[in-house]
Amino acid sequence: MTDLSMFPITAKWPAKNPDVIQLYSLPTPNGIKVSAMLEETGLAYEPHLVDFGSNDQMSPAFLSLNPNNKIPAILDPNGPDGKPLGLWESGAILIYLAEKSGQFLSKDPAGKYETIQWLMWQMGGFGPMSGQLGFFHKFAGREYEDRRPFERYRDEVKRLLNVLDQRLEGRDFIMGGDYTIADIASWPWVRTISGFYEAGEHVDLDSRKNVLRWYEACLARPASEKATNIPARG
């Protein structure tokens with residue numbers, strides 16, 4: 001049995017099975033990405049809830065693994081060269097899990113980097129801009145009298161949705177016929193815009209027919225449906 005005691009995070013979230021991947025997360029859009037990937041690949045893992053209500057993400061134990069205090073993070077007891085590996089940033093984790101499992105990332109170099117290109121599009125644009133939209137529409141930002149911040153992020157999310165809608169024209173998934181980490185990274189944000197943020201009408205989501213068709217196909221996957229409640233909130 002693998003000894004993970006060298007990782008302080010395991011003192012707060014003890015591993016029942018230290019021989020499998022340990023997932024520290026919450027079912028937010030970024031958290032769902034990695035849960036969905038783990039479910040899709042069939043890699044054995046153990047989920048641990050990082051409770052924002054208790055500021056778990058700011059605890060010394062969590063910061064010992066991710067100094068950026070964001071979920072998700074993983075601890076793989078069987079990392080490269082058989083050594084334990086801690087990893088954070090959802091995009092990096094998706095690439096790692098794709099290469100570890102040999103799934104959802106093309107082995108063809110051109111296809112691989114085009115997929116990573118779309119993953120970076122989500123990581124650098126679609127996700128952050130959607131998060132800001134949520135802040136200025138649903139959370140504290142909605143109280144601001146100056147509506148320019150809301151309008152700026154609303155318009156940018158509209159633009160990004162248009163980019164995605166155009167990409168999906170004539171394609172089942174972002175990379176064509178194959179479901180990849182680019183899709184896994186992106187669909188949870190569409191889910192949050194239309195659901196939790198209640199902002200779909202503000203970004204004309206209903207007019208993005210390709211996006212909606214693709215989103216429904218992604219969400220209908222058994223791994224996706226399960227991932228939306230991993231780790232369970234209790």
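Predicted model: local features only at pLDDT ≥ 70, side-chain atom pairs only at ≥ 80, totals over all residues.
Q: How far does helix H4 reach from its first C-alpha to its last?
A: H4 spans residues 90–101 and has twelve residues. At 1.5 Å a residue, a span of 16 Å is expected. The helix comes close to that, reaching 16 Å.

Q: Which elements cover the buried residues of H4?
A: The buried residues of H4 include Ile93, Leu94, Ile95 and Tyr96. Strands and helices both take part in the cover. Among them are strands E1, E3 and E4, and helices H2, H5 and H7.

Q: Which residue just after H4 takes a positive phi?
A: The phi is about 70°. The residue is glycine 102.

Q: What is the geometry of the aromatic pair of phenylalanine 104 and tyrosine 179?
A: The ring centres are 6.0 Å apart. The planes stand at 90°, and over 60 degrees counts as edge-to-face. The pair is therefore edge-to-face.

Q: How many residues apart in sequence are the parts that this pair ties together?
A: Phenylalanine 104 lies in the loop between H4 and H5. Tyrosine 179 lies in the loop between H6 and H7. The pair so ties together parts separated in sequence by 75 residues.

Q: Is tyrosine 179 buried or exposed?
A: Its relative accessibility is 7%. Buried means under 20%. Tyrosine 179 therefore counts as buried.

Q: Which residue lies over the face of tyrosine 179?
A: The distance to the ring centre is 3.8 Å. The residue is arginine 221.

Definitions and conventions: Residues numbered from 1 in each chain as written. Heavy atoms only, no water. Helix = DSSP H or I, 4+ residues; strand = E, 2+ residues; numbered from the N terminus. Expected span 1.5 Å × (residues − 1). Buried < 20%, exposed > 50% of the residue type's maximum accessible area, 1.4 Å probe, protein only. Contact = heavy atoms within 4.5 Å. Phe/Tyr/Trp six-rings, centres within 6.5 Å; stacked < 30°, edge-to-face > 60°. Lys NZ or Arg CZ within 6 Å of the ring centre and 35° of its normal.
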